[in-house]
Amino acid sequence: MTHSLDNIKLMWREEPRNFQTPCYLYSVSGVEKNFLTLKNLLGTNLVYSLKANHCVDLLVRCGHLFTDGIEVASVGELNLIAGGDGVKFINNPSMDKQTMRAAIGSKATIIIDNEQQLDMLGEFIGKRPLNPVLFRLNSCVLKTFMPEHESVRSDHFGMDWETAKRCLKWANDNNIEVQGFHLFKGSNTFVKTAMSSVTAVLKIIYEFEKSLGYPIKMINLGGGFDNQPELSDFDFDAYRNLLQEIPEHIEISHEAGRAIMASAGYFLTRVRSVKQIEDQSYIIADGGMKQNFLLAKTENSFRRYEEPMILTSNDYESDNDKETGTGKAYIVGTSCNRDDVIGAINNISVMPAVGDGLLFSHCGAYNESYTLGDFLSLPKAQAYIVE
Ligand SMILES: Cc1ncc(COP(=O)(O)O)c(C=O)c1O
């Protein structure tokens, strides 16, 4: 059991009323452990991708970790970190001029996605001091340089190699320094593709430097790590050895969201009522898809619901009053959406009591940040920080 889970259980036992539910519980020590574990496994810089979790209180408590940089994808995310003097990267194919202006003003490194963004950047030449940029390469470039590279799902991010060549020329013609390039092949792609990508990247570096006529300074190899990369059987030693082939003058970064945040976050909701419809048991909670969209699994064709831990509470009923149940009990939320099913308890014999807590683990990445807006004007989840 993790240190933070022990703490949460203890805090609940001492006084369940301290938790206003539904809420997220984010563990500072969990983020620390995840970040340092992955960084050590990689042996490179590790940039935090803010989209996974932008809880400001957590960011304040964990900011000291993210010295290699934080990557943002919108002006809203940029505003959360704009005031600090930490390293910032911004990347979005639909960046507008206002966002670019804000990025330049906050000294963020712009990761150029396309030719229009370069034209936009051109409008600031001579008017504002411009940081060197990175180019975002589409993952198809890996295959351009290494046809046997594993296939990854195609997407609309970054440039193909022909576009990159035009952009490199434009940068030279306009005296814009290109620091290097950025690749991101999609979530959960690391294990399958990491080794081949390095081989392709060595060739890309060569061509980049040839086109620019000067050495590049950094590359970001993206990530695509799963929730707990340290548990995979990927050979990180071999990977680190392969990375040694990248010329020494180039700083190497990776970028992660879920691997840093997922296991450091919990979602807690309380049982409001329990009921039976014919043979089916339901646990009605005070939180649902409105506060934690991902638990409803609406994006999965086969929905395997998460099973929470039950934190008992004697506030409302004694154990003797608990209703019995059989088979699987679904945990449902507060909206009128039929898909508002956020969990299940398999093989239930005694139903939880009204007031009991349902604690879902692995809710630190995207569960909050990817959740819907204002449907039914239901309340947002609270967020608490635990050690
Ligand atoms: C460019 C970029 N970097 C990093 C991430 C973070 O991905 P993950 O949370 O899977 O590590 C994403 C996710 O969409 C991304 O688009």
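This is a predicted model: local features need pLDDT of at least 70, side-chain atom pairs count only at pLDDT 80 or more; totals for chains, interfaces and linings use all residues.
Let me begin just after helix H9, where Gly-213 takes a positive phi of about 80°; helices here are DSSP runs of H or I with at least four residues, strands are runs of E with at least two, and both are numbered from the N terminus. Residues are numbered from 1 along each chain as its sequence is written.

Turning back into H9 itself, the helix covers residues 190-212, and although it has 23 residues, its end C-alpha atoms are only 29 Å apart, short of the 33 Å that a straight helix would reach, the expected span being 1.5 Å times one less than the number of residues. What is centred on Ser-196? There is a kink of about 35° in H9 at that point, where the bend at a residue is the angle between axes fitted to the seven residues ending there and the seven starting there.

Several H9 residues are buried, among them Phe-190, Ala-194, Val-201 and Phe-208; buried means 20 or more other C-beta atoms within 10 Å of the residue's own, exposed means 12 or fewer, and partly exposed is in between, with C-beta atoms placed from the backbone. The buried residues of H9 pack against a set of elements that includes helix H8 (161-173), strand S7 (178-183) and helix H10 (236-243), contact being C-beta atoms, placed from the backbone, within 7 Å.

Next, the domains. The protein is divided into domain 1 (3-23 + 262-386) and domain 2 (28-261), with bounds that come from an automatic or database domain assignment, and their C-alpha centres lie 36 Å apart. The contact takes 14 residues from domain 1 and 18 residues from domain 2, and on the domain 1 side helix H1 (3-14) and strand S16 (382-386) each supply at least two residues.

As for the ligand, 16 residues surround it, the closest being Ser-49, Phe-184, Ser-187, Gly-257 and Arg-258; a residue counts as near if its C-beta atom, placed from the backbone, lies within 6 Å. Strand S9 (251-256) and helix H11 (258-261) each supply at least two residues of this shell. By class, the shell has six nonpolar, six polar and four charged residues, with Ala, Val, Leu, Ile, Met, Phe, Trp, Tyr, Cys and Pro as nonpolar, Asp, Glu, Lys and Arg as charged, and the others, Gly among them, as polar.

Finally, some backbone details in the loops. The peptide bond from Thr-21 to Pro-22 is cis, with omega near -5°, and Pro-22 lies in the loop between H1 and strand S1 (23-27). Phi of Glu-278 is near 50°, a positive value in a residue other than glycine, and Glu-278 is exposed because 4 other C-beta atoms lie within 10 Å. Lys-297, in the loop between strand S11 (280-285) and strand S12 (309-311), has a phi near 55°. Is Lys-297 buried or partly exposed? Lys-297 is partly exposed, because 18 other C-beta atoms lie within 10 Å.

Notes. Two residues are in contact if their C-beta atoms, placed from the backbone, lie within 7 Å.
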